[in-house]
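The sequence and structure come first.

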Amino acid sequence: MATGEFAEVRSERAAGFRFASWAAARPYALGLFFLALVAWSARYGVPVQRELVILWTCGALACASIGRPPREILQLVVDWLPIVAVLWAYDLTRGAADSLGIGVHYLPMIDFERFAFGEMPTVWLQERLYAPHVVHWWDVGFTLVYTSYFIVPFVLAGWLWARERLAFLRFTRRLVTLALAGLATYVAFPAAPPWMAGEIGLIGEVHRTTGRGWEVLGVGTASLFSKGQAASNLVAAVPSLHSAFTMLVALFLWGRVRPWLRPLLLLYPLAMGLTLVATGEHYFFDVLLGWVYAGAVMAAWALWERRREGRPGSEPLSGAAASGGAAG
C-alpha cells in the first residue's frame with residue numbers, strides 16, 4: 001500500500017473512531033431530551049401544535065443521530081423541510097376563502113346526511129352523549145383521539161426516518177400530497193362544520209366539544225388547544241383532514257404489521273370519524289370524503305412508484321421497503 005493510501009485509510013479510521021466515540025453520548029442526550037420534553041409539558045402542556053410536534057420529533061432524531069456523519073444530520077433537515085413548508089403554506093391560507101369572495105357552503109353536507117341517515121348524526125349523538133355540566137369518560141376519549149391528529153402522523157414519520165428513510169420518503173410524499181389536496185378543496189369549496197350550522201338554526205342544537213376532555217386532563221394544553229382552534233380556518237371542513245390523515249396512517253402501515261393487527265389499525269380512523277361527528281366538528285360527509293382522499297392519494301403514489309421501479313436502471317426494492325410499496 002502506498003504511503004498516501006495508507007494515510008487516507010488511517011484518516012478514515014480515525015474519523016470513524018471519532019464518530020463512534022460521540023455515539024456513546026447518544027443515550028444520555030436522548031435521556032436529557034425526554035426530561036426536557038416532560039418539563040416542557042408540565043410547564044406549558046403537552047405539545048399539540050403541529051409545528052411544536054415536528055420540532056420535538058426532529059430534536060429526538062437529532063439526538064439519535066449523534067455520532068453519525070454530519071451529512072446524515074444535514075439529511076434530517078433536508079428531508080423534513082417539505083413538511084414544514086407545506087404546514088407554513090397551510091397556515092398562510094387561513095381565511096383565504098373569504099378573501100376570494102367564495103360563499104360558505106352549508107346545505108350540501110346537510111342534504112347528504114339527511115338522505116343517508118334520515119336525520120343529522122351529530123344532533124342524534126349529542127342528544128345522547130352531551131351533558132352541559134358533566135364531562136364523561138367518552139368526552140376525554142374524544143379529546144385524546146381528536147388531538148392525536150396533531151401528533152401521530154409526525155411521530156410515525158420520525159419513527160420511519162430513524163428506521164428506514166425510503167419508507168419515510170414514501171409516507172411524507174403521501175402526507176404532503178394529502179395536505180395540498182385538502183388545502184385546494186378548502187379554498188375552492190369553503191364549508192361550514194355542524195356546530196356553525198347549528199348556531200344559525202339550519203340543524204338542531206350542536207355544541208363544539210372537542211376540548212372538553214382537557215377539563216379533566218388539566219395541564220396547560222387546554223389553552224394551547226383553544227388558541228389553535230380559534231386561529232384555524234373555521235370553514236375548512238370539506239374534506240376532514242383529521243379523518244384523511246388517520247386513514248392514511250392505517251393504510252400505510254397495513255402492509256407493515258402482522259395480519260392479526262390490521263383490524264386494529266382500522267379502529268383508529270373509525271374512532272376519529274366517530275369523534276369528529278359526535279363533537280360537532282364534521283359531518284359524516286366530510287369524514288367519508290377524507291377517507292376517499294386518503295385512498296386516492298395512496299393509490300396514485302403506489303401506481304407512480306410501481307411504474308418508476310419498473311424502469312430500466314431503477315433499483316429494485318426488497319424486504320420492508322417492498323412491503324412499504326405494497327402498502328402505499
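Does Arg165 count as buried, partly exposed or exposed? At 36% relative accessibility, Arg165 counts as partly exposed. The model is predicted, and Arg165 is one end of a salt bridge whose other end is Asp79. Arg165 belongs to helix H10 (residues 165-188) and Asp79 to helix H4 (residues 70-92), so the bridge ties together parts 86 residues apart in sequence. Asp79 is buried, at 7% relative accessible area.

The count of salt bridges is eight. Among them are the following:

| Salt bridge | Closest N and O atoms |
|---|---|
| Arg165 – Asp79 | 2.7 Å |
| Arg174 – Glu305 | 2.8 Å |
| Glu281 – Arg208 | 2.7 Å |

Arg174 is in helix H10 and Glu305 in helix H16 (residues 284-309), so this pair joins parts that are 131 residues apart in sequence. Arg174 is buried at 0% relative accessibility, and Glu305 is buried at 4%. Glu281 sits in the loop between helix H15 (262-278) and H16, while Arg208 sits in the loop between helix H11 (194-199) and helix H12 (214-217), 73 residues apart. Glu281 is buried at 6% relative accessibility; Arg208 is partly exposed at 29%. Through shared partners, salt bridges join Arg170, Arg173, Arg174 and Glu305 into one network.

Helix H14 (residues 241-254) has 14 residues and should span 20 Å at 1.5 Å a residue; its end C-alpha atoms are 19 Å apart, which agrees. Twelve of its 14 residues are buried, so H14 is largely enclosed by the rest of the structure. The buried residues include His242, Phe245, Met247 and Phe252. At the start of H14, a side-chain oxygen of Ser240 comes to within 3.4 Å of the backbone nitrogen of His242.

Note on methods: Residues numbered from 1 in each chain as written. Predicted model: local features only at pLDDT ≥ 70, side-chain atom pairs only at ≥ 80, totals over all residues. Heavy atoms only, no water. Helix = DSSP H or I, 4+ residues; strand = E, 2+ residues; numbered from the N terminus. Expected span 1.5 Å × (residues − 1). Buried < 20%, exposed > 50% of the residue type's maximum accessible area, 1.4 Å probe, protein only. Polar contact = N/O pair within 3.5 Å; in protein donor to acceptor, adjacent residues only side chain to side chain. Salt bridge = Lys/Arg side-chain N within 4 Å of Asp/Glu carboxyl O.
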